[in-house]
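Subject: Structure handover

Hello,

Here is the structure I promised to pass on. Please open it alongside this note and follow the residues as you read.

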Amino acid sequence: MKSVIKAVVFDMDGTITVPVLDFSLIKAEIGVAGDRPLLESVLALDGAERAGAEAILLRHELRAAHDSRLNEGVAETLGALRAAGLKTAILTRNCRVPVDIVLEKHDLHFDAIVTREDSLPKPNPDGLHKVSGIVGVDAEQCIMVGDYEFDILVGHAAGAITVLYAPQGHSFQTVPDFEIRSMLELVGLVRILNEG
Ligand SMILES: [Mg+2]
């Protein structure tokens, strides 16, 4: 049997964990306006203004990590994927400390973790290429699963198979290869792709 999929790369906020970060609220607290996403808005600032904005962002991310709850089926899905011999990874626009808090709180383990300290942020494919290098699996043999458009765009850009986790549907135009409503659907999807 040919194994097409050898690794599953997860977004963290909203995918591994129940989404709690209110990006509009954080942008308002930092004092940036417009449609540009939060992280890009912060990175566009200079000097003391940027340091202040990063501190506000980190405070929200740390609180979200301490308060985090796993999405339904996440632990079972990770266990089933590992049992099937797949590598698992996290690719997030978050930074490393909150990721470590979430992993320790919920006793989760991944073969690779790439955060915004490690790579250019999604949707730039840099991070997914880094994950691919760490786990030793070509990007084409990875599934990128996430709850937001950037997760699909990064997967497309790197040549991975994209899965949108959308328990309540979604409102953006970018089309994923697959869409799931429950995390546990991922296990069956991998099995079908690897048997096909
Ligand atoms: Mg997300």
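Which residues does Leu70 touch, not counting residues up to four places away in sequence? Leu70 touches Ile16, Thr17, Ala75 and His106. Please keep in mind that this is a predicted model.

More on Leu70. It lies in the loop between H3 and H4. It has 16 C-beta neighbours inside 10 Å, so Leu70 counts as partly exposed. Thr17 is 53 residues away from Leu70 along the chain, yet their C-alpha atoms are separated by 4.3 Å.

Domains

The protein divides into two parts. Domain 1 covers 7–18 + 70–195, and domain 2 covers 23–66. Their centres, taken over C-alpha atoms, are separated by 24 Å. How many residues of each domain are in contact with the other? Eight residues of domain 1 meet seven residues of domain 2. On the domain 1 side of that contact, six residues are nonpolar, one is polar and one is charged.

Helix packing comes next. Two packed helices are described by the angle between their axes and the distance between the axes.

Take helix H3 (residues 47–66) and helix H5 (residues 96–106). Their axes come within 8 Å and cross at roughly 5 degrees. Angles under 35 degrees count as roughly parallel, so H3 and H5 are roughly parallel to each other. H3 contributes Glu61, Leu62, Ala64, Ala65 and His66 to the contact. H5 contributes Val97, Pro98, Ile101 and Val102. By class, this contact has seven nonpolar residues, one polar and one charged.

Val102 sits in helix H5. Is Val102 buried or exposed? It has 22 C-beta neighbours inside 10 Å, so Val102 counts as buried. Val102 touches Met12, Ile16, Thr17, Ala65 and Ser68, leaving out residues up to four places away in sequence. Ile16 is 86 residues from Val102 along the chain, and their C-alpha atoms are separated by 9.3 Å.

Ile101 is also placed in helix H5. It has 17 C-beta neighbours inside 10 Å, so Ile101 counts as partly exposed. Leaving aside neighbours within four places in sequence, Ile101 is in contact with Ala65 and His66. Leu81 is 20 residues from Ile101 along the chain, and 22 Å separate their C-alpha atoms.

Helix H4 against helix H8

Now the other helix pair. Helix H4 (residues 74–83) packs with helix H8 (residues 185–195) at an angle of about 25 degrees. Their axes are 9 Å apart. H4 and H8 are therefore roughly parallel to each other. From H4, the contact is made by Thr77, Ala80 and Leu81. From H8, it is made by Leu186, Val187 and Val190. Five of these residues are nonpolar, one is polar and none is charged.

Start with Val9. Not counting residues up to four places away in sequence, Val9 touches Ala89, Leu91, Leu128, Val131, Cys142, Ile143 and Met144.

Backbone details

Two spots in the backbone are worth a check.

Which peptide bond is cis, with omega near 15 degrees? That is the bond from Lys122 to Pro123. Pro123 lies in the loop between strand S3 (112–114) and helix H6 (126–135).

The other spot is Asp107. Its phi is near 55 degrees, a positive value in a residue other than glycine. Asp107 lies in the loop between H5 and S3. It has 7 C-beta neighbours inside 10 Å, so Asp107 counts as exposed.

Best wishes

Methods. Residues numbered from 1 in each chain as written. Predicted model: local features only at pLDDT ≥ 70, side-chain atom pairs only at ≥ 80, totals over all residues. Domains from an automatic or database assignment. Contact = placed C-beta atoms within 7 Å. Nonpolar A, V, L, I, M, F, W, Y, C, P; charged D, E, K, R; others polar. Axes fitted to C-alpha atoms, helices over the stretch in contact; angles between N-to-C directions. Helix = DSSP H or I, 4+ residues; strand = E, 2+ residues; numbered from the N terminus. Parallel < 35°, antiparallel > 145°, perpendicular 65-115°, else oblique. Buried ≥ 20, exposed ≤ 12 C-beta atoms within 10 Å, placed from the backbone.
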